[in-house]
Every structure is written in structure tokens, then in C-alpha cells.
Amino acid sequence: MRNEELKKFSAKTLARLAAVQALYRVSVSGEDILDVIKQFIKNPEVLLEETRTVMDIDTELFSLIVKGVEKNKADIDSMIEGAASNKTQAKRFELLLKTILRAGIFEFMENQSVPKDIIINDYMEITHSFFNAKEPALVNAVLDNIGKRM
């Protein structure tokens, strides 16, 4: 992700982006989730490719999302399967795409004071940072579907 793209994100959006990256990293590497959180809080550049101070990122939201997704992953994955057009489709989601959906769904569960439209918009922006094709629309559709049911 380019520095110009990161600059447009708010502290909460950066926390969401970093949480997605941390969750993806843990899924791929098998690292301990608490170690990844500690590394990020000490040095945000571990996940975000730009020099930023921890003050620029909502580290509380970052930690909440990472720990919450990891704790509730099975329930969240069931919601994703229920929202996809069929279970086979959900099982074929690329890991990064599934990680973005997991984070968004966890926020629906945990941050009920934040309007769902804001959460959906942030995760669509994050998806645009990684994908250029149909994935942002898919994130929008799945999160919207789940958001309406919650």
C-alpha cells in the first residue's frame, strides 16, 4: 500500500487495516496473536508500511479487533457461510478476503454504537487497497447482509 493511500485513512480506519494485516499474518505464520499485537504497538511499521506514531492509530480498537476475531473465529465463519450465496463459495474465499470479512463482522458484534454503514465503508476501503476486481462489492454484499440480520 502506498503512503498516499495510508494518509487518507483515519486513526480508526488505520486500526482496522492494521488488524486485518495482523490477523492475516497470524493465519499465515502461526505467530502468537499477543506477540503480534505487542510488536505492532511498539513499532507500527511492522504492519503499516509508513512511518507513523502509535498516536496516529487507535491501538485500543486494533487490539480489540485482533483479539476478538481470534476468540470468535468459528462463530464469525459460520456467519460468513450463512451470508454467502452458498457454503462452497464461502469456503473458496481467499484468506485475505475472509480476514477482512471476519474483522468487519466482529465489529458488528462488538461495536454496536458505531453505525454499520461506517464499518462497511471502512472495510470496503481496506478491500480496495488490496483488490481491484469484484472483491470490494463482495465485502459490501456480505457485510450488508450480515449487518441487516444483526
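Two residues are in contact when heavy atoms of one lie within 4.5 Å of the other. With that in hand, take Ile65. Leaving aside its neighbours within four places in sequence, Ile65 is in contact with Arg16, Ala19, Leu23, Ala103, Phe106, Glu107 and Tyr123. The model described here is a predicted one.

**Overall build**

The protein has eight helices and zero strands. Read along the sequence, the pattern is α-α-α-α-α-α-α-α. Of its 150 residues, 46% count as buried. Residues 24 or more positions apart account for 67% of them.

**The core**

In soluble globular proteins, nonpolar side chains tend to be buried together. Here, the largest nonpolar core has 41 residues. Those with the most contacts inside this core are Phe62, Ile65, Val66, Ile100, Tyr123 and Leu143. Which elements give two or more residues to the core? They are helix 2, helix 3 (33-42), helix 4, helix 6 (95-110), helix 7 and helix 8. Helix 2 provides the largest share, nine residues.

**Helix 2**

Helix 2 covers residues 11-29, which is 19 residues. From its first C-alpha to its last, helix 2 reaches 26 Å. That is close to the 27 Å expected at 1.5 Å a residue. Its buried residues are Thr13, Leu14, Ala15, Arg16, Leu17, Ala18, Ala19, Val20, Gln21, Ala22, Leu23 and Val26. After helix 2 comes Gly30, with a positive phi near 80°.

| Residue | Relative accessible area | Class |
|---|---|---|
| Asp122 | 10% | buried |
| Ser63 | 12% | buried |
| Arg149 | 53% | exposed |

Asp122 sits in helix 7 (residues 116-130). Its value of 10% is under 20%, so Asp122 counts as buried. Beyond its neighbours within four places in sequence, Asp122 is in contact with Thr13 and Arg16.

Ser63 lies in helix 4. At 12%, Ser63 is buried too. Not counting residues up to four places away in sequence, Ser63 touches Ile37 and Ile41.

**Where helix 4 meets helix 8**

How do helix 4 and helix 8 pack, and at what angle? Helix 4 (residues 59-83) and helix 8 (residues 135-149) pack at about 105°, with axes 9 Å apart. Helix 4 is therefore roughly perpendicular to helix 8, because angles of 65 to 115 degrees count as such. From helix 4 come Met79, Ile80, Gly82 and Ala83. They meet Val142, Asn145, Ile146 and Arg149 of helix 8. The residues of this contact divide into five nonpolar, two polar and one charged.

Arg149, found in helix 8, belongs to this meeting place. Arg149 counts as exposed, at 53% relative accessibility. Apart from its neighbours within four places in sequence, Arg149 is in contact with Met79, Gly82 and Ala83. Arg149 and Ala83 are 66 residues apart along the chain, and their C-alpha atoms are separated by 9.6 Å.

Key:
Residues are numbered from 1 along each chain as its sequence is written. This is a predicted model: local features need pLDDT of at least 70, side-chain atom pairs count only at pLDDT 80 or more; totals for chains, interfaces and linings use all residues. Side-chain values use heavy atoms; hydrogens and water are left out. Helices (H or I, at least four residues) and strands (E, at least two) are DSSP runs, numbered from the N terminus. Buried means under 20% relative accessible area, exposed over 50%, partly exposed in between (1.4 Å probe, protein chains only). Axes are lines fitted to C-alpha atoms, for helices over the stretch in contact, and angles run from 0 to 180 degrees between N-to-C directions. Angles under 35 degrees count as roughly parallel, over 145 as roughly antiparallel, 65 to 115 as roughly perpendicular and the rest as oblique. Ala, Val, Leu, Ile, Met, Phe, Trp, Tyr, Cys and Pro count as nonpolar, Asp, Glu, Lys and Arg as charged, and the others, Gly among them, as polar. The expected span of a helix is 1.5 Å times one less than its number of residues. A nonpolar core is a set of buried Ala, Val, Leu, Ile, Met, Phe, Trp, Tyr and Cys residues joined through side-chain atoms within 4.5 Å.
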